[in-house]
Amino acid sequence: TGNKHPPHQVEGVKFLYRATTGMIDSSAHGCIMADEMGLGKTLQCITLMWTLLKQSPDAGKPTIQKCVVACPSSLVRNWANELVKWLGKDAINPFAIDGKASKEELIHQLRQWSIASGRAVTRPVLIVSYETLRLYTDELKRAPIGLLLCDEGHRLKNGESLTFTALNSLNVQRRVILSGTPIQNDLSEYFSLLTFANPSYLGSRNDFRKQYELPILRGRDAAGSDADRKKGDERLGLASF
């Protein structure tokens, strides 16, 4: 299709931008991007990343200085290649951690990346595996990270996991969870994912259970009344983002 992108991709980018900049809800700066394979999630996220790195409502100023892409180790190289493919080889020099540096070199590089700001940010996009990120959280947690993209993010559905805890300790302003696995009918997994994307948006797990989970489950129960179903549908709508 040449330079024309399918309408769903354009809509997807608009949604990502509005969700991460507080335009949908001023208390929320994140979202879940759950899509089937082949619909261009990566391209949409790269478009969001590039837009935030290059512009903002204030003329001449970017919205963010740094972005972290967290993904399974098998996808680190792939993300670096996708950035070059869509933006051109001179647009962004990504810092992809591919396991080739020694531990000492890596700590040094991560510290440099963390403290750089303004014009000193030469590699604005850090691409790192979840495993490596867990090991080096301490080197990164002081750096203001404008955008965190979590690919294959359904691994964050367990809010108690080490990965969830490590990522939550970073200083992140905007979060996007990418998942090719649509969220099934498990509301507690949904709670974990949305709470990661937008901390405190749904309150505590107990609040969520009382406010949303129980009414939704009652509304789905075959023995439920019409009023139960109506209330369940209404709460389901409120919990969606």
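Reader: What do the buried residues of α4 pack against?
Author: In this predicted model, the buried residues of α4 pack against β2 (67-71), β3 (95-96), β4 (125-129), α5 (130-135), α6 (137-140) and β5 (144-145).

Reader: Which residues of α4 are buried?
Author: They are Leu106, Ile107, Leu110, Trp113 and Ser114. These residues lie on the same side of α4, because they cover an arc of only 130° around the axis.

Reader: And what is exposed on the other side of α4?
Author: Glu104, His108 and Ile115 are exposed there.

Reader: How many residues does α4 have?
Author: Helix α4 spans residues 103-115 and has 13 residues. From first C-alpha to last, α4 reaches 19 Å, close to the expected 18 Å.

Reader: Turning to α2 and α3, at what angle do they pack?
Author: Helix α2 (residues 41-54) and helix α3 (residues 76-87) pack at about 70°, and their axes are 10 Å apart. An angle of 65 to 115 degrees counts as roughly perpendicular, so α2 and α3 are roughly perpendicular to each other.

Reader: Which residues meet there?
Author: From α2, Thr42, Leu43, Cys45, Ile46, Met49 and Trp50 meet Trp79, Glu82, Leu83, Trp86 and Leu87 of α3. By class, this contact has 9 nonpolar, 1 polar and 1 charged residues.

Reader: Lastly, where does arginine 209 lie?
Author: Arginine 209 lies in helix α9 (residues 205-220). Its relative accessibility is 38%, so arginine 209 counts as partly exposed. Leaving aside residues up to four places away in sequence, arginine 209 touches Leu214 and Pro215.

Methods
Residues are numbered from 1 along each chain as its sequence is written. This is a predicted model: local features need pLDDT of at least 70, side-chain atom pairs count only at pLDDT 80 or more; totals for chains, interfaces and linings use all residues. Side-chain values use heavy atoms; hydrogens and water are left out. Axes are lines fitted to C-alpha atoms, for helices over the stretch in contact, and angles run from 0 to 180 degrees between N-to-C directions. Helices (H or I, at least four residues) and strands (E, at least two) are DSSP runs, numbered from the N terminus. Angles under 35 degrees count as roughly parallel, over 145 as roughly antiparallel, 65 to 115 as roughly perpendicular and the rest as oblique. Contact means heavy atoms within 4.5 Å. Ala, Val, Leu, Ile, Met, Phe, Trp, Tyr, Cys and Pro count as nonpolar, Asp, Glu, Lys and Arg as charged, and the others, Gly among them, as polar. Buried means under 20% relative accessible area, exposed over 50%, partly exposed in between (1.4 Å probe, protein chains only). The expected span of a helix is 1.5 Å times one less than its number of residues. The arc is that of the directions from the helix axis to the C-beta atoms.
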